[in-house]
Amino acid sequence: MPAADLLVGPLLRRVVGMQATIWVETSAPATVTVRTADGATGTAPTFSAYQHHYALVVVSGLTPDTASSYEVLLDGEPVWPLPGPYRPSVIRTRAADDQDQPVRLVFGSCREATQHATGRELPPDALDAYARGLAATGDPADLPDLLVLLGDQVYADETSPTVRRLLRRRRRRPVGSPVDQVVSFDEYTKLYLESWCAPETRWLLSTVPSVMIFDDHEVVDDWNTSAAWRAHARAQPWWGERISSGLASYWVYQHLGNLAPAEIAADPLYAKVTAAEDATDTLREFGHQVDRESDLAPAPHRWRAVRYRWSFALDVGRTRLVMLDNRCGRVLEPGRRAMLPPGEWSWLVDQAHGSYDHLVVGSSLPWLLPPGIHHVEAWNEVLADSHRHWVADAAEKLRRAVDLEHWAAFRRSFDALGALFARIGGGASDEATRPRREPGQPGEPASISVLSGDVHHSYVARARFADPAVVTPVHQLTCSPLHNQVPDAMRLPLRLGWSPALAMAARALSRTAGTGRPALRWTKLAGPYFGNAIGTLRHDGRTAEVTIAGTTSAGGLQEVMRHQLTSG
């Protein structure tokens, strides 16, 4: 028996060319080896932090266009696969020339821990249901190219009975710490252990490549809503440890696996962590540093030089995915609020350049909300910046009370993202301002899609631009939750938010604050659906289609909406 056991994982994170990355957490220091049935291998020693042990193994030498089973060994002893009903985990590669192969992205967000752990009566978990269905087919060709998790993979502020019992037994916690919320790095590790180790989820994450981005609950509800919110949070005696632990644990458990092998090798933090005998101090200081960087004046050159970027981009076939940090990097200075700081916005624009057929933007928060709600958020943002203190205070209280903090509440960013999509889609009057294309590539992508979660219901909406030169269809694809539930009292307002009459009234209200007319309009094409659900976005040549499947009472999945996003 090995001296170390496998605690969490293996997680198959990225498959890039003929390389793949496998992430694990072990019970003790060990050398981790991953070996595939066709002879590809990778080895890495664990790194240690906060008395926990992790490894990210780069597997090289994979065979094109295959699905090869693999095993994990600790110090030479096999620890995976485990005995049980699930077929062996595999690493599936695309053909060497994969440009004409279809691409399937599976996506969703907002997943509380498994049913037995939450203590709440929730509908069946859509991620577990998807895993069971995928395992039952037995055909590697059915495996999607990527699982895109759009936030709230764990809930630091809404914990299960199991985690709450652990917290109450702990004697050493910062003064004033919330009784039922995690604060320390070690407490965060229990959330991931609980969320990722159910048999269905564990098999799925070991077999389907995944990328992830945080939303607020990885830290706390409404994280970085406003400058006033941030000042209030920092005044709490436990906040320093919460934010440092939240960001450090997110880097270890989620962000590290988002990086391609070449990006891992170039990441200076990874080099420091793996070189240290104990990386606790390195990760603790990193968490504090990243939080402090949010206080820098939003000058583009300073953001480029200093800030750690959580956003990332990758290509799968002819599809480009750009995942955005909607939380940590926000500019909260009144009058200059932005969803992304200037340097990161420039990075986003750069990702629009190049050769692809389909652009997918992963945003934990929906860009296009129900119009009635959008206009209320835009109205509230203007009032919260009022020079009349009583107006600003009242608007700030409303903002926090009903979560008015989406793209609509960062109006400059909302408009700028729409303008970027219009340029990419063919609307730029000056050819020099359009994204660069490779020789022979069509001038505009076939589709632009924004994948989002957060709002605990699912829908498909299409943006309508005034400029007829915008020929690329632009859609908002919202799929949430994987395993949670919107309060019954919120369902009617969310439905009414799409009402043309209510939208007109809300737009009139927002204009009283001087918001002006939006540069685009949007219409709902499908939904809203309020159950637990998981989405699939399929690209085949120049066509794009989205499907949303909801869970049934028996724990399976059934299609609840399907929409063709392109005309052909």
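Pro481 is found in the loop between strand 18 (474-478) and helix 16 (488-496). Helices (H or I, at least four residues) and strands (E, at least two) are DSSP runs, numbered from the N terminus. The model is predicted, so local features need pLDDT of at least 70 and side-chain atom pairs count only at pLDDT 80 or more, while totals for chains, interfaces and linings use all residues. Residues are numbered from 1 along each chain as its sequence is written, and side-chain values use heavy atoms, with hydrogens and water left out.

**Cis peptide bonds**

Pro481 is joined to Ser480 by a cis peptide bond. Another cis peptide bond joins Trp80 and Pro81. Pro81 lies in the loop between strand 8 (77-80) and strand 9 (90-92). The omega values are listed here.

| Cis peptide bond | Omega |
|---|---|
| Ser480 and Pro481 | about 0° |
| Trp80 and Pro81 | about 15° |

**Positive phi values**

Which loop holds Asp152? Asp152 sits between strand 11 (146-149) and helix 3 (161-169). Its phi is near 55°, a positive value in a residue other than glycine. Asp152 has 1% relative accessibility and therefore counts as buried; buried means under 20% relative accessible area, exposed over 50%, and partly exposed in between (1.4 Å probe, protein chains only).

His456 also has a positive phi, near 60°, and is a residue other than glycine. The loop that contains His456 runs between strand 16 (447-452) and strand 17 (458-465). Is His456 buried or exposed? His456 counts as buried because its relative accessibility is 15%.
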